[in-house]
Amino acid sequence: MTSKLPGPHTLKEIITPPNVDDLYEWYCARNLFDEDPSWAVVWPTAVSLSTYLIEFPDLVRGKRVVELGCGLGVAGMTAACLGAQSVILTDRDGLALHCAMSTVACNQLNEGEQRIKAAIVDWTDEESLLRCGDADVVLASDVLYDEETIIAFGRACRTILSKGGRVLVTDPLVERKAGCRELLRQELDKENAEIKVVDLGSPGGDLPSSSPDGKDHDRRMKESILLIQYKLSVSKD
């Protein structure tokens, strides 16, 4: 299934599963009860992060970029369109990466040179982080909802990023779980990270997907979004 994004976006179309509920049932039929179909949704956080990059392309132009928990890979592909030196889309779900790289192909983003690659990465697994290589920028959206994984996410950013690297994370204005952003700040503060918070508002438009819990869909698709930017110290130990 193909979808389009609202606003000034660089991607002509996005490949998504036909239906999130069907994807959930597909997982259940195969006893994959730990799998989360929410990656198949184009969330406002991903749209807002992409829009912010379009507004400030120097954040990624010429940089090595890794998107953690990329889902459909919208932000990472936007970075590639804006001139990133390289982009690695990472997720723990291979089906998400299959859709993401199908979008890369449909938009002909790797024509001439393979700047966008995909890797199965679970940021709680230090060994799998080796697939990310070194990065100048880490992108992520809607990943701050569980204390244990947030600490692991922060450690992953510190491991992947070069000196002076940046983390750009978008998160709903109303946290999925209170205190999660503070946990990430504490973890990245170990690298003396400078922090900048920008209220991006709601991306607006009709987002091309349904959420797993239909009753909550309309509200979540209209959420106001914050962007949190962390710049690590150039004297990283």
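A residue is called buried when its relative accessible area is under 20%, exposed when it is over 50%, and partly exposed in between, using a 1.4 Å probe and protein chains only. Helices (H or I, at least four residues) and strands (E, at least two) are DSSP runs numbered from the N terminus. The model is predicted, so local features need pLDDT of at least 70 and side-chain atom pairs count only at pLDDT 80 or more, while totals for chains, interfaces and linings use all residues. Residues are numbered from 1 along each chain as its sequence is written, and side-chain values use heavy atoms, with hydrogens and water left out.

The protein contains seven helices and nine strands. It has 237 residues, of which 51% count as buried. The protein exposes about 11,200 Å², and carbon and sulfur atoms supply 48% of that area; accessible areas come from the Shrake-Rupley method with a 1.4 Å probe, and for residues only the protein chains shown count as cover. Contact means heavy atoms within 4.5 Å. Among contacts between residues at least 6 apart in sequence, 72% join residues at least 24 apart.

Helix 3, covering residues 74–81, is mostly covered, with seven of its eight residues buried. These buried residues are Val74, Ala75, Gly76, Met77, Thr78, Ala79 and Ala80. Just after helix 3 comes Gly83, which takes a positive phi of about 105°.

Positive phi values also occur in residues other than glycine. One of them is Gln108, whose phi is near 55°. Gln108 is found in the loop between helix 4 (94–106) and strand 5, and it is exposed, with a relative accessible area of 54%. Asn192 likewise has a positive phi near 55°. Its place is in the loop between helix 6 (180–188) and strand 8 (194–201), and at 56% relative accessibility Asn192 counts as exposed.

The aromatic rings come next. A pair of aromatic rings is described by the distance of the centres and the angle of the planes. Rings of Phe, Tyr and Trp (its six-membered ring) pair if their centres lie within 6.5 Å; planes under 30 degrees apart count as stacked, over 60 as edge-to-face and the rest as tilted. By this rule the count comes to two aromatic pairs. Tyr52 and Phe56 form a tilted pair, with 4.8 Å from centre to centre and 45° between the planes. Tyr52 counts as buried at 4% relative accessibility, whereas Phe56 is partly exposed at 37%. Trp123 and Phe153 form an edge-to-face pair, with 5.2 Å from centre to centre and 70° between the planes. Trp123 lies in the loop between strand 5 (116–120) and strand 6 (135–141) and Phe153 in helix 5 (residues 147–160), so the pair ties together parts that are 30 residues apart in sequence. Trp123 is buried at 14% relative accessibility, and Phe153 is buried at 0%.

What else does Trp123 contact, leaving aside its neighbours within four places in sequence? Besides Phe153, its contacts are Leu68, Gly69, Leu129, Val143, Thr149, Ala152 and Ala156. The C-alpha atoms of Trp123 and Asp91, which are 32 residues apart along the chain, are separated by 8.7 Å.

Leu32 lies in the loop between helix 1 (20–29) and helix 2 (44–55) and is partly exposed, with a relative accessible area of 33%.

Finally, the cysteines may be considered. A disulfide is a pair of cysteine sulfur atoms within 2.5 Å. A search of the whole structure finds zero disulfides. For Cys157, the nearest cysteine sulfur is that of Cys132, 9.6 Å away. Cys157 is buried, with a relative accessible area of 0%, and Cys180 is buried, with a relative accessible area of 1%.
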